[in-house]
Amino acid sequence: MKQLIECVPNFSEGRDMYVIEKITDEIKNVEGVKLLDIDPGKATNRTVVTFVGEPDAVVDAAYKAIKKAAELIDMSKHSGEHPRMGATDVCPFIPISNITMEETVEYAKKLASRVGETLGIPVYLYEEAATTPERKNLATIRAGEYEGLEKKLQNPDWKPDYGEAQFNKHAGATVIGVRDFLVAYNINLNTSSTRRANSVAFDIREKGRIKREGDPINGKIVRDENGNPIRVPGSLKYVKAIGWYIEEYGIAQVSMNLTNINETPLHIAFEEANKSATRRGMRVTGSELIGLVPKKVMIDAGKYFLKKQNRSTGIPEEDIIFIAVKSLGLDDLKPFDPKKKIIEYLLDDNGHKNLMNLTIKDFADETSRESPAPGGGSIAAYSGALGVSLGTMVANLSAHKRGWDARWKEFSDWAEKGQAIKDKLLFLVDEDTNAFNKIIDAIRLPKGTDEEKSIRKNAMNEATKYAIMVPYDVMKTSYEALDILEYMAQEGNSNSISDAGVGVLAIKTAVEGAFMNVKINCKGLDDEEIVKNIMDKADKLLKDTNSRSKIILDIVYAKM
C-alpha cells in the first residue's frame with residue numbers, strides 16, 4: 001500500500017497572489033503529490049500551503065517550492081504580524097499512511113540536506129527531527145526572527161543542521177521537521193452557555209484549570225512557593241480546548257486541537273467530553289471536524305464503537321467509517337462527506353478510471369473488448385477477492401449468530417484478516433493491468449541507436465519482472481485466504497457452509513489463473529535463475545492450494 005506524507009510549508013508572503021501562485025505551481029507540477037489547500041493571510045503576510053503524496057514526490061515538491069520562494073521573496077523587505085525567519089519559514093512533514101514517524105524523519109533530513117547544500121539556505125531541524133532537545137521547539141529556533149538571524153548564525157550553538165552558518169539576506173533560514181497530525185475538532189453541546197462549555201474544556205484539556213480553595217469558581221487561587229498558580233491537569237494529554245458560542249448554530253461548543261492523535265485519538269476525546277458534559281447536566285449532540293483527517297482516524301473511531309457493541313470489525317471500510325460518522329455525530333450540524341474530508345479519498349479522486357471503480361457489468365464489458373487488458377491476471381485477482389469475501393461473510397454471520405455472543409471477537413478477528421486480504425487482491429486487480437501496460441510502454445521505446453536499444457532492453461526486463469511478480473503476489477495472497485475458509489468450514493455458521501465451499505473454488509481459480517500468468521510472463525525474461533526461482537515457488541503454491549482445497553471441500557460436502 002502507498003506511503004503518504006503531508007507537507008504544510010509556511011511561506012512569508014500572503015498578499016501578492018502572483019508570488020503565491022508561482023510557488024504553488026511548483027507543487028502542482030510534481031507528479032505523485034496533490035495540492036489540498038492554499039491559505040494566504042494579509043495581516044500575517046504569510047501563506048500556509050497543504051499538500052500530500054508519496055514520500056519522494058513530497059520531498060521533490062517541497063524543494064522546488066522552497067527554491068521558488070527563495071527566488072521571489074526578499075526577506076529584507078518583509079513585514080508581518082506572524083513570527084518568521086525565512087522566505088520558507090517552516091516546512092513540517094506529517095506521516096499520514098503506512099509510514100512511521102522515524103521513516104518520515106529520514107525524508108525530512110533528505111529535504112533539509114538538499115536545501116542546505118544547493119540553495120545556500122541555513123536549515124534547522126525541529127520537533128521529531130530535532131538533533132538536540134533545545135531545537136525541538138519551533139519558537140526557540142525562531143527566537144529573534146529574521147532580524148536577529150545574522151547575529152544568531154555567528155553563535156556556535158546555533159550552527160545550522162544543514163547548510164553553512166552564513167546569513168542569506170534574501171531567503172533567511174528555514175526550519176524543517178516532522179510532527180504528528182493536528183486535528184481541529186469541535187464538540188457540540190445542548191447549551192448556549194460558553195461558561196458551561198468552558199467547564200467541559202477545562203475538565204478534559206491537558207493543562208486543565210487553576211486550582212482554587214473551596215468554591216471551584218470564586219475560591220482563592222492556590223499558588224506554589226514562587227507565587228505561581230497551581231493547575232489541576234485535565235483528563236487528556238495532547239489536547240488544547242476552550243469553550244465558545246457559535247451564533248450560526250445557536251449552540252456552545254468545546255473547541256479542541258488534538259496534537260497527538262496516536263496518544264489521544266478523536267474518539268477518546270469525544271468520549272471524555274461526553275462524560276464531562278453528562279456529569280454537568282448537559283448532553284453532547286454531535287461533533288464537527290475542521291479540515292481534513294487521515295483515514296486511520298475514522299477507521300480507529302469506527303472500530304472503537306463497533307467493539308463497544310460487541311460487533312464484528314471485519315466489515316468494509318466504508319461501513320466502519322459510516323459507524324464512526326454516526327457515533328461521533330459528525331453529521332449533526334451539516335452533511336459529512338468522507339470523500340471530501342479524508343485525505344486518502346481526496347488523493348484517489350484523480351480522474352483515473354480504475355477497474356475497481358467500474359460496475360460489475362462494466363468490468364465484464366471492459367474485459368470482453370478486443371483490448372488485451374484487463375485479462376486473465378486481473379480476473380484471477382478478482383476471483384480471489386470474491387473467494388475471500390465469501391469466507392469473510394461467513395465469519396461476520398458467525399460473529400452475529402444468535403447464541404454465539406461469546407465468540408463474536410473470535411470471528412471478528414477472522415473477518416478482519418479477510419478484509420485485509422480482499423483489499424490487497426482488489427488492489428492487484430488494477431495492478432495486473434498496470435503491469436501489462438508497463439510492458440507495452442517499454443515496447444514502444446525507441447530503438448534506433450545502440451544506447452536506445454540498451455535502455456529499451458533494460459526497461460523490458462524490469463517491466464517483465466514486475467509482470468511476473470504481480471500474479472505471483474496474487475497466488476500468495478489468495479492462498480492465505482484458505483486459512484479463513486478452512487476455519488469457517490470447520491467452525492463457522494453451518495447455514496453458510498456452501499458459501500465457504502464456493503469461496504474455496506474461487507480461490508482455486510485465482511491461484512491457478514495467476515499461475516498461468518506467472519508462467520507465460522516468465523517466457524519473456526532472459527534471466528534463467530530468476531525464472532527458475534519463481535517457477536519453483538509458484539509450482540509449490542499451486543500444489544499446496546490444490547491439496548488444501550480438496551481437504552476443505554471434503555469438510556464442506558460432509559456437512560451438507
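Asp 161 and Arg 135 form a salt bridge, with the closest N and O atoms 3.3 Å apart. A salt bridge here is a side-chain nitrogen of Lys or Arg within 4 Å of a carboxyl oxygen of Asp or Glu. The pair links distant parts of the chain, 26 residues apart. Asp 161 sits in the loop between helix H5 (149-152) and strand S7 (174-178). Arg 135 sits in the loop between strand S6 (123-127) and helix H4 (138-142). Helices (H or I, at least four residues) and strands (E, at least two) are DSSP runs, numbered from the N terminus.

Asp 161 is partly exposed at 21% relative accessible area, whereas Arg 135 is buried at 7%. Buried means under 20% relative accessible area, exposed over 50%, partly exposed in between (1.4 Å probe, protein chains only).

## Basis of the model

This is a predicted model: local features need pLDDT of at least 70, side-chain atom pairs count only at pLDDT 80 or more, and totals for chains, interfaces and linings use all residues. Residues are numbered from 1 along each chain as its sequence is written, and side-chain values use heavy atoms, without hydrogens and water.

## Helix H2 to helix H3

The structure holds 37 salt bridges. One of them joins Asp 56 and Lys 110 (2.8 Å, N to O). Asp 56 is in helix H2 (residues 55-72) and Lys 110 in helix H3 (residues 101-119). Asp 56 is partly exposed at 44%; Lys 110 is also partly exposed, at 44%.

Arg 114 bridges to Asp 60 at 3.4 Å. Arg 114 lies in helix H3 and Asp 60 in helix H2, so this pair ties together parts 54 residues apart in sequence.
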